[in-house]
Amino acid sequence: MSKIAIITGITGQDGSYLAELLIKKKYVVHGFLRKGKKAGNKKNLWRINKILNKIKLHKIDTSDLKTISRLIKKIRPNEFYHLAAQAYDGYSFDNEFYTFDINLNYTHKILSSVYKANKKAKFFFAGSSEMYSKDIKRKIDENTNFNPKSAYGIAKVASHYLIKNYRDNLNFNASTGILFNHESPRKDEKFVLRKISKSVARIKLGLQKKLHLGNIKSKRDWGHAKDYVDAMWLINQQKVSSDYIIGSGQLNSVETFVKKAFAHVKLDYKKYLKIDKKLLRKKDSKARIANPTKMQKKLGWKRKFDFNSLIVDMVENDLKILKGIK
Ligand code: NDP
């Protein structure tokens, strides 16, 4: 019999890749959408357009525990992937009540409903490197102390402790994957790497003259989202649940991405890059680096994409979109 999985955040970058992975593995895939105009909107479904006939979507009111519980009980999933979040760390204190509603209270409702519906289900929660302080000099592993500095990070830490308590006190198979930055052709264009890949493609095709950026020295631990959804699935296959750091373990700068992206289309980045002081952040955050050893050694996680292949995938994808091939 096919396994049944539910994904929240299925319209997002990770949710869409995860849905494709689970379909390939012959799961019956359900996705939760938020209620409201945006949810039914075709534009909002662009990442899952090609698999709409292979998944079952449900619009839900994220504040309505009763309905959420009833629906989860009816579907009775074997695996649950809770990825939905107000995912913009930077804005989270401008929007603190909303951030806690989605990133903490909604998590609580989902977790409790899944536990009640199927005590043998496996539950994955998407944590974040924002659960740690920005001043850590060594690589972050599963024993590093949390010290969040945003409403987003605080809500992720609180959700993580909820999940840990269901695991420790109720023996529920629930895990947090603590995700470091990951990108892909499906990343929102508000984020810098996608802005760059799109601009490089546009410049190559003569549609744009310059690429305007702020601090190109800024560094991050970046990976490819496809590898990170593989990790989520691996985590939900374990008999004993635990928490895992999911990251590349390597730092790369925006500047390196720019150089390599232009080099890929045989252009010299110096001719096109313009540093724009208006785009410099008042306080750019320091880089945190993951130590994904537990994920690699215990679960055998291997990344298929390095930084170079991430760049090629993103630029090639934007070229295809602009040429109308995709
Ligand atoms: P996206 O921003 O691409 O997707 C977020 C998803 O959450 C979308 O499906 C979105 O739905 C949904 N969502 C947002 N607000 C609400 C809401 N109010 N009610 C219900 N659903 C909502 O994020 P990613 O796919 O990149 O990230 C997946 C998870 O991983 C998130 O939990 C994020 O915090 C975490 N993470 C991601 C990192 C990254 O680099 N990508 C790094 C660390 C953690 P809609 O389409 O309707 O907006």
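Which residues of helix 7 are buried? Select them together: Ala225, Asp227, Tyr228, Val229, Asp230, Ala231, Met232, Trp233, Leu234 and Ile235. Because 10 of the 11 residues of helix 7 (residues 225-235) are buried, this helix is largely enclosed by the rest of the structure. Buried here means under 20% relative accessible area, whereas exposed means over 50% and partly exposed lies in between, with a 1.4 Å probe and protein chains only. Helices (H or I, at least four residues) and strands (E, at least two) are DSSP runs numbered from the N terminus.

Before moving on, note that this is a predicted model, in which local features need pLDDT of at least 70 and side-chain atom pairs count only at pLDDT 80 or more, while totals for chains, interfaces and linings use all residues. Residues are numbered from 1 along each chain as its sequence is written, and side-chain values use heavy atoms, with hydrogens and water left out.

Stay with the end of that helix and select Asn236, which is found in the loop between helix 7 and strand 11. Asn236 is buried, with a relative accessible area of 0%, and a polar atom of its side chain lies 3.2 Å from the backbone oxygen of Phe80. This is a polar contact, meaning a pair of N or O atoms within 3.5 Å; within protein, one must be able to donate a hydrogen and the other to accept it, and residues adjacent in sequence count only if both atoms are side-chain atoms.

In strand 11 (residues 244-246), select Ile245, which counts as buried at 0% relative accessibility. Ile245 and Ala290 are 45 residues apart in sequence, yet their C-alpha atoms are 6.7 Å apart in space.

Now select the ligand and its surroundings. The ligand is surrounded by 26 residues, of which Thr11, Arg34, Leu83, Tyr98 and Tyr152 are the closest; a residue is near if one of its heavy atoms lies within 4 Å. By class, this shell has 11 nonpolar, 10 polar and 5 charged residues, where Ala, Val, Leu, Ile, Met, Phe, Trp, Tyr, Cys and Pro count as nonpolar, Asp, Glu, Lys and Arg as charged, and the others, Gly among them, as polar. Strand 5 gives the most to the shell, with 3 residues.

Next, turn to the second largest pocket, with a volume of about 450 Å³. Its lining comprises 17 residues, of which Trp46, Lys50, Arg186, Asn317 and Lys326 lie nearest its centre. The lining divides into 5 nonpolar, 2 polar and 10 charged residues, and helix 10 gives the most to this lining, with 5 residues. A pocket is an open set of points on a 1 Å grid over the protein atoms alone, with protein on both sides within 12 Å along at least five of seven lines, and lining residues have an atom within 4 Å of a point. Grid points are joined across faces, edges and corners, and a volume is the space filled by probe spheres set on the points.

Finally, select Asp318 in helix 10 (residues 307-323). Asp318 counts as buried at 2% relative accessibility, and a polar atom of its side chain lies 3.3 Å from the backbone nitrogen of Lys198.

Definitions and conventions: On a 1 Å grid over the protein atoms alone, a cavity is a set of points where a 1.4 Å probe fits but cannot get out, and a pocket is an open set with protein on both sides within 12 Å along at least five of seven lines; lining residues have an atom within 4 Å of a point.
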